[in-house]
Amino acid sequence: MAILVLIAMGGLLGWFAAILARTEDAAGIFKSIALGLLASAIGGLIMNGGALFGALSWLAIGVAALAALVVLVAYNLVFVVRF
C-alpha cells in the first residue's frame with residue numbers, strides 16, 4: 001500500500017508542477033509527472049525503511065513530498081524557465 005500512496009502523491013505533485021510552470025507540450029507534462037513519481041518513491045522508500053507494502057509513516061510521506069517538490073523546482077528552474 002505504501003508504494004501506491006507514494007506513486008499517487010508523486011504523480012499529483014508532478015502534474016501540479018506542470019500546471020504552475022504552464023507547460024504546454026505533452027512531453028514536458030509527462031517529464032514532470034515522471035520526475036515527481038521517481039523523487040517521491042525514492043524519498044518515501046528511504047524514509048520508510050525500504051518497505052514497499054504495509055504502513056507508511058507520516059515522516060516518509062513528508063520526505064517524499066519534499067523530495068518531489070525539490071526535484072520539480074530544480075528541473076523547472078534549470079530546464080523549463082527561459083530568461
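## First stop: Ala60

Select Ala60, which is buried because its relative accessible area is 0%; buried means under 20% relative accessible area, exposed over 50%, and partly exposed in between (1.4 Å probe, protein chains only). This is a predicted model, in which local features need pLDDT of at least 70 and side-chain atom pairs count only at pLDDT 80 or more, while totals for chains, interfaces and linings use all residues. Residues are numbered from 1 along each chain as its sequence is written, and side-chain values use heavy atoms, with hydrogens and water left out.

Ala60 belongs to helix 3, residues 58-80. Helices (H or I, at least four residues) and strands (E, at least two) are DSSP runs, numbered from the N terminus. Display the surroundings of Ala60: leaving out residues up to four places away in sequence, Ala60 touches Gly44, Met47 and Asn48. Contact here means heavy atoms within 4.5 Å. Next, draw a C-alpha to C-alpha distance from Ala60 to Ala74; the two are 14 residues apart in sequence and 21 Å apart in space.

## Second stop: helix 2 against helix 3

Colour helix 2 and helix 3 separately. The two pack at an angle of about 145°, and their axes are 7 Å apart. Axes are lines fitted to C-alpha atoms, for helices over the stretch in contact, and angles run from 0 to 180 degrees between N-to-C directions. On the helix 2 side, the contact includes Lys31, Ser32, Leu35, Gly36 and Met47; on the helix 3 side, it includes Leu59, Ala60, Val63, Tyr75 and Asn76. The crossing of helix 2 and helix 3 is right-handed. A crossing is left-handed if the near helix is turned anticlockwise from the far one by less than a right angle, and right-handed if clockwise.

Leu66 lies in helix 3 and counts as exposed because its relative accessibility is 54%. The C-alpha atoms of Val73 and Ser32 are separated by 9.9 Å, the two residues being 41 apart along the chain.

Now bring helix 1 into view beside helix 2. The angle between them is about 140°, and their axes lie 7 Å apart. This crossing, too, is right-handed. Among the residues of helix 1 at the contact are Ile3, Leu6, Gly10, Gly14, Trp15 and Ala18, and among those of helix 2 are Ile29, Ile33, Gly36, Ser40 and Leu45.

Select Ala27 in helix 2; Ala27 is partly exposed because its relative accessible area is 45%. From Ala27 to Gly50, 23 residues apart along the chain, the C-alpha separation is 30 Å.

Which loop holds Arg22? Arg22 is placed between helix 1 (2-20) and helix 2 (26-47). Arg22 has a positive phi of about 55°, although it is not a glycine, and it counts as exposed because its relative accessibility is 69%.

Is Thr23 buried or exposed? Thr23, in the loop between helix 1 and helix 2, counts as buried because its relative accessibility is 16%. Apart from neighbours within four places in sequence, Thr23 is in contact with Ala18, Gly28 and Ile29.

Finally, show the surface and select Trp15 in helix 1, which counts as partly exposed because its relative accessibility is 45%. Together with Leu12, Phe16, Ile19 and Leu20, Trp15 makes a nonpolar surface patch of about 550 Å². Such patches are made of residues with over 30% relative accessible area and no salt bridge, like charges being joined within 9 Å and nonpolar side chains (Val, Leu, Ile, Met, Phe, Trp, Tyr) within 5 Å. A salt bridge is a side-chain nitrogen of Lys or Arg within 4 Å of a carboxyl oxygen of Asp or Glu. Accessible areas come from the Shrake-Rupley method with a 1.4 Å probe; for residues, only the protein chains shown count as cover.
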